[in-house]
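Here's a quick briefing to read with the structure open beside you. Have a look at the fold, then work through the notes by topic.

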Amino acid sequence: MTKRDTGMNKPKPSKNQVDLKDEKVQWDFRQEMSYADYLGLDKVLSAQRQLSGHHDEALFLIIHQVSELWMKLVLHELHAARELVKSDDLPPAFKMLSRVSKVQNQLKQAWDVLSTMTPADYVAFRDALGHSSGFQSYQYRMIEFILGNKNAAMIEVHRHDPDIYSRVHTCLNEPSLYDECIRLLSRRGFDIQSDYVERDWSLPYEENSSVHDAWLKIYQDTEQHWDLYALAEKLVDVEDNFQQWRFRHMTTVKRVIGFKRGTGGTSGVGYLSKALSLKFFPELWSLRTAI
């Protein structure tokens, strides 16, 4: 073994370097799993396949890929939280919903980074996108579905991919997180209208007076119903952040492309503006006026 192999001839660190002499650093990864191996960085960092030669396409690609990774975590947390609500195990669900809210902050801030791209930057490579669009994000659609914004027409854009279509279709036909919260209220003894406890889960949720009254009673006696009150506020946090994300999406699109039609065929800013009127948990907002 040479001196180079043993590290005996490594230069001493300067004053501007961290002294690793007493650190038990693992240097040799020929037989060990490295950080890059664990994260699969060879696949992650080779996924940015630019279709144009324009500098800002890298920004566009990375922002959307990072957002999809965050959405994957959001779905992971929402599915787990829904199962915990079904089993009336709320404390760990609170942690998951809080985590979702923190991730949503990351998603909102992504628009701040993307907004550094000017209209001239975007138009230079926009044609390379063809008809691909965030409208086709199946993870985003599944997040909307699990939160309760059901729209069966939306799954048709995924019909070309049987696996993805099946996943989105399953999500459409399952009870949303909010549906499970309402069923929990019924199990806790609140007088919930029967067709809100069992219904066609693929249909969009519509505000209901019995659900409103149940949540109102909870807010009027928070001490007696503390865990349900805490659950409601976690849901409000999630929806509030979602609406802020939608708003930043709309303003960023307006800033970058104005009122052009989206690459996926929507009206762009007009479509995104309409989405701002949608609510996941309507009774949790309307009860605030009644308190």
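A helix here is a DSSP run of H or I at least four residues long, with helices numbered from the N terminus. By that count, Gln-243 sits in helix 11. Keep in mind that this is a predicted model.

**The nonpolar core**
- The largest nonpolar core takes in 73 residues, and Leu-147, Tyr-178, Trp-215 and Leu-284 have the most contacts inside it.
- Helix 11, residues 226–257, supplies the largest share of this core, with 13 residues.
- Which residues does Leu-147 touch, not counting those up to four places away in sequence? They are Leu-78, Ser-176, Leu-177, Tyr-178, Val-238, Phe-242, Phe-280 and Phe-281.

**Helix 7 and its surroundings**
- Helix 7 spans residues 138–147 and is mostly covered, with nine of its 10 residues buried.
- Leu-147 is one of those buried residues, and so are Arg-141 and Glu-144.
- The buried residues of helix 7 pack against helix 4 (57–86), helix 8 (162–173), helix 9 (177–187), helix 11 and helix 12 (269–275).
- Gly-148 follows helix 7 and has a positive phi, near 120 degrees.

**Helix 4**
- From first C-alpha to last, the 30 residues of helix 4 reach 43 Å, close to the 44 Å expected at 1.5 Å a residue.

- Is Gln-243 buried or exposed? Gln-243 counts as buried because its relative accessibility is 19%, and the cut-off for buried is under 20%.
- Leaving aside neighbours within four places in sequence, Gln-243 is in contact with Ala-275, Leu-276 and Leu-278.
- Tyr-271 belongs to helix 12, and its relative accessible area of 24% makes Tyr-271 partly exposed.
- Not counting residues up to four places away in sequence, Tyr-271 touches Phe-135, Arg-141, Met-154 and Thr-266.
- Tyr-271 and Arg-261 are 10 residues apart along the chain, and their C-alpha atoms are separated by 9.4 Å.

**A patch on the surface**
- Val-18, Leu-20, Val-25 and Trp-27 make a nonpolar surface patch of about 410 Å².
- Where is Trp-27 found? Trp-27 is in the loop between helix 1 (3–6) and helix 2 (35–39).
- Trp-27 is exposed because its relative accessible area is 57%, and exposed means over 50%.

Conventions:
Residues are numbered from 1 along each chain as its sequence is written. This is a predicted model: local features need pLDDT of at least 70, side-chain atom pairs count only at pLDDT 80 or more; totals for chains, interfaces and linings use all residues. Side-chain values use heavy atoms; hydrogens and water are left out. Patches are made of residues with over 30% relative accessible area and no salt bridge: like charges are joined within 9 Å, nonpolar side chains (Val, Leu, Ile, Met, Phe, Trp, Tyr) within 5 Å. Accessible areas come from the Shrake-Rupley method with a 1.4 Å probe; for residues, only the protein chains shown count as cover. A salt bridge is a side-chain nitrogen of Lys or Arg within 4 Å of a carboxyl oxygen of Asp or Glu. Helices (H or I, at least four residues) and strands (E, at least two) are DSSP runs, numbered from the N terminus. Buried means under 20% relative accessible area, exposed over 50%, partly exposed in between (1.4 Å probe, protein chains only). A nonpolar core is a set of buried Ala, Val, Leu, Ile, Met, Phe, Trp, Tyr and Cys residues joined through side-chain atoms within 4.5 Å. Contact means heavy atoms within 4.5 Å. The expected span of a helix is 1.5 Å times one less than its number of residues.
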